Amino acid sequence: MHNRIKIKADSINFFYNKVQALKNINIDILEKQVTAIIGPSGCGKSTFIRLLNRMDELVPHTSITGKIYIDDVDIFHTSADPVEIRKRVGMVFQKPNPFPKSIFENVSYGLKINGIKDKSFIEEKVEMSLKKAALWSEVKDRLHESALKLSGGQQQRLCIARCLAVQTEAILFDEPCASLDPISTAKIEELILELKKEYTIVIVTHNMQQAARSSDYTAFFLLGELIEFGKTQDIFTKPNDSKTEAYITGRFG
Amino acid sequence: MTSIKEKIYKWIFATLAFSSLVFLIGIIIVLFKEGMPIFKEVTAFKFIFGKSWYPTYSEPEFGILPLILGSIWVTLGAIFICVPLGVGSALYLHELAGHKQRAILKPIIEILASIPSVVFGFFGMVIVTPFIQKLFHLPTGLCALNGSLILGIMATPTVCSLAEDALSYVPKSFREASFAVGANRWQTLTQVVMPAAGSGIATAIILGMSRAIGETMTVLMVTGGAAVMPHSYLEPVRPMTAAIAAEMGEAPMGGSHYHALFAIALILFLVTLVFNIIAEIISRRFRIKLGLSG
Amino acid sequence: MKKNITQNIGFLMLFLCIIVTLIFLGSIIYFISARGAKVISWEFLTQGPRMGMTQGGVLPAIIGTFYLTLGAILFALPLGLSCAIYLCEYSPKSFVVNIIRISINNLAGVPSVVFGLFGLAVFVNFFKFGVSILSGSFTLGILALPLIISASQEALMAVPQSIREASLSLGATKWGTIKNIVLPTALPGILTGVILSIGRVAGETAPILFTAAAFYTRGYPKSIFSEVMALPYHIYALMTEGTHPDQQKAIAYGCSLILLFMVLLVSGIAIAIRQRQRGINA
C-alpha cells in the first residue's frame, strides 16, 4: 500500500534569536499514517511540530529558512494565510487546554468562528466529534457543564474532539500524554489508531513505547538535527545510526 | 479579507493605546502654555523664592515660597504619621497576623484606602479641629498639624498595602536561612526581611509622599488657608494644592493670577513626576535584586 | 533571653501600629455613620435642597455624582481596555510600548487638582463645553484611565497562554481569539477594575471643582452641558460656603455618610470579587 505525501518539510532551519534550533530537516509525512517524532528534551521536536501549522509565529524573534508543503501548498509563502492552514491542520497540546466554557461550547467553538450558525448541524457535528473522540458516552448528559470539571484524560479527549469538529486533514499531537495517567494514556493511544483511518497524524513523544505502539513511521531528533527517519519497526529493531540505538535502548535522554 | 480586518483591529487598538501618552503630553502642554506667561511679570526666581503671595492686590505679588513651604511642612508631618503606622502595620500583617487574620485585615485596609479625600477633610473639620483647638488653646484648630494628621492617616492604608506587597516578594528561603543560623523572628524580620524588601518599602513611602503632596481636598479643608510663611505647626498654612483649588474659582481667566496658579500646578506636577520616576527606578532595581521580572 | 525581650517589645510595637491605624480609620467611619444616620431620611434621599441649603435633601447631588461617574467610565473604559488589549495581546516589546507604559505610570501619579486644571483649560475653555457634566466626565475619565488600564492588564495577563494557543490552532484569528476566548475569561478581573474606578471617581472632588460642580442648581440637569451638583463637592461647599453653618454641617454629615457608604460598598464588592478570583487562580 502506497500513501501519498501529505506534509513535506524541505531543508528547514529554524532560529530563536540567533540560536539555531533546527538544522536542515527533511521529512516526508505520509497521508493517513501515524508519524512519531522522538528525541530527548530540547532536541527541537516540539519546535518542529509547531511549524507544521505555523504556531511558531506566536513566539517573537524567530526566523526560518526552507519550505514546508501541505498538499503541495507552500505554507510559508507570503500569500499563505496561517488561519486557513490551521483550519486544516489541528493541534493537541502537552497539557489539556479546554476553554473555560461548557463542553458543548468547546467542541462547537471551531464551527462558530467559521461563521456556521445552523443549530442542528452544529449539534450533529458536536455529537459526531465527541463520539469519534470516544468521549460521548461519558459526557452526553452534561454537555452544558463546564469543561474544567472533567478529568485530565477527559479534557485531553475533549481537546481532540474540538479539533475533529473542524479540522479534517491532519492532527498534530505535541506530547499529548505528558500530563496523563497510564489509563488515560492508553485511551488516547487507542484513539490515535482509530483516527488514523481518516487523518494524517504527527505525534511528538518522549515515551518510546508509545512511539513503538502507535506509530507507522518514526523520526529521531537530536540537538536540532534529524538523525534517522524510517518505518517504526525498522527504527526500533535495526537502527542505522548508533545514536538512535543509544537513545532507544535508554543510554541517554 | 480576514487579514485586512485583523489589521484594522490591530491599528485601532494601537491608536487608542496612545491615549495615556496623549493626555500626559496634553497636561504638560497646557501647564506650560497657561503657566509660563506669569514669568513675564515675575522672574522664576522671585516666583519660587518670593515670600509674599498677594495675587489679588492692586499691585499683586506672586511669591509662592509660603505655599511651597506649606506643602512641605504638611507633607513632612504626614510622613511622620503614615510611615511608622503604614510600615508597622505591613510588618504586622506580614509577620504576626495569622492566615485568617491577614485574609480579613488586608482587604479591610485596601477598602479603607478608597475613602474619598473630601470625607477625610470633613472629618478633620468637624472632629479634629475642635479637638486640637481645645488641646492647645488655639484661636483655630485649622492648622498645619491638623493637615499633617489627616493626610498621614489618609496615606497610611496606601503605604501599608504597598509595603506589604514588597514584603511578600521576599523569598521564603531568606527567612529560612536566617532561622537556620539561630536568629529569632524579630532579628530575621529586621535584619534579613526588611533590608531585602527595603527598596520596595522605600517605593511605598515615596508613592505615599507623592500622594500626600498632591492631595487637595483634605488640606484645603483643614489647614486654615493662610498664605503666610509657616512658623509653627499650630498655625494655619496654605499648601500649593489648596491655593490652586481655593483661588482658581475667583481668578479671571487669562489674568496674571490665573497664570500664576497654572505655574504652581506646573511645579506641583514636576515634583510628583520626579517622585514617581524615583519610585519607578527604585522598584525596578528592587525587582531585579529579588530576581523578579521587570 | 535579652534577644527575646527585644522581640516581644518589637512585636508589641507592630501590633500597636495596626491597632492605631484601625482605630483612626474606624473612628472616621464611626463618627460619620453615627452623626450622619440622624440626618438621613426618606426625604433627605429623594428631594432637593430647600430654604437656602438648610433643609430638604440632596437628591440632585446624588444624581449628579451618578451622571459624572457614568460619563467618566463610558469615556475611560473603551480607551483603557483597548490600551490594555494592545499592550497584552498585540504589542511586541519595543521602545514605543515602553513609552506607553511609562506614560500610564506617570498619569497615575498626577495630582487630582492638576487634572482639574487640565479639564478647565481644555474642556471648559478650549472646547467650550463650559462647566458641565461633559467636561467633568472627561476630566474624571482621564483620572480613571490608568486604573482601568492596569486592572485590565492584570486580568488579561492572568488568562493562560495555552487557551490562546488552542483557539489559534483551531483556525481562529487573533481578534476572534481575543473576542471569544480572552475577553470572556478576563471579564471578572476587568469588572473589578471598573468597579474600583467607580469608587475612586465618585469620591473625587478636586477635578470637578472648576469643570462640572455647582453648589446649587435649579432642578435636575437637563443635558450633558448643564452644570451639576455632586456629593463630594456638596460636602466641601456646605462646609465652606453659605450662611447657616450649623444646619449645613448636619446636611454635610448626611452627604458624607451617603458618599462613604457608596464608596465603601463599591470597593468592598470589587475587592471581594478580586479576593475570590485570586483564590480560584491560586
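Read from the N terminus, chain B is built in the order α-α-α-β-β-α-α-α-α-α-α-α-α-α. Chain B has 12 helices and two strands, where helices (H or I, at least four residues) and strands (E, at least two) are DSSP runs numbered from the N terminus. This is a predicted model, in which local features need pLDDT of at least 70 and side-chain atom pairs count only at pLDDT 80 or more, while totals for chains, interfaces and linings use all residues. Residues are numbered from 1 along each chain as its sequence is written, chains are lettered from A and ligands numbered from 1 in the order in which they are written, and side-chain values use heavy atoms, with hydrogens and water left out.

**Chain B: extent and surface**

- The C-alpha trace of chain B spans about 75 × 75 × 30 Å along its principal axes.
- Of the 294 residues in chain B, 55% are buried (under 20% relative accessible area, 1.4 Å probe, protein chains only).
- Chain B has an accessible surface of about 12800 Å², and carbon and sulfur atoms account for 68% of that (Shrake-Rupley method, 1.4 Å probe).

**Chain B: contacts and charges**

- Taking contacts (heavy atoms within 4.5 Å) in chain B between residues at least 6 apart in sequence, 72% join residues at least 24 apart.
- Chain B has 20 positive and 15 negative charges, and their mean positions lie 10 Å apart.
- Lys and Arg count as positive and Asp and Glu as negative, with His and the chain ends not counted; each charge is placed at NZ of Lys, CZ of Arg, CG of Asp or CD of Glu.

**Chain C: residue I62(C)**

- I62(C) belongs to helix α3 of chain C, which covers residues 59-90.
- Apart from neighbours within four places in sequence, I62(C) contacts L45(C), L231(C) and I258(C).
- F11(C) is 51 residues from I62(C) along the chain, and their C-alpha atoms are 45 Å apart.

Note on methods: Buried means under 20% relative accessible area, exposed over 50%, partly exposed in between (1.4 Å probe, protein chains only).
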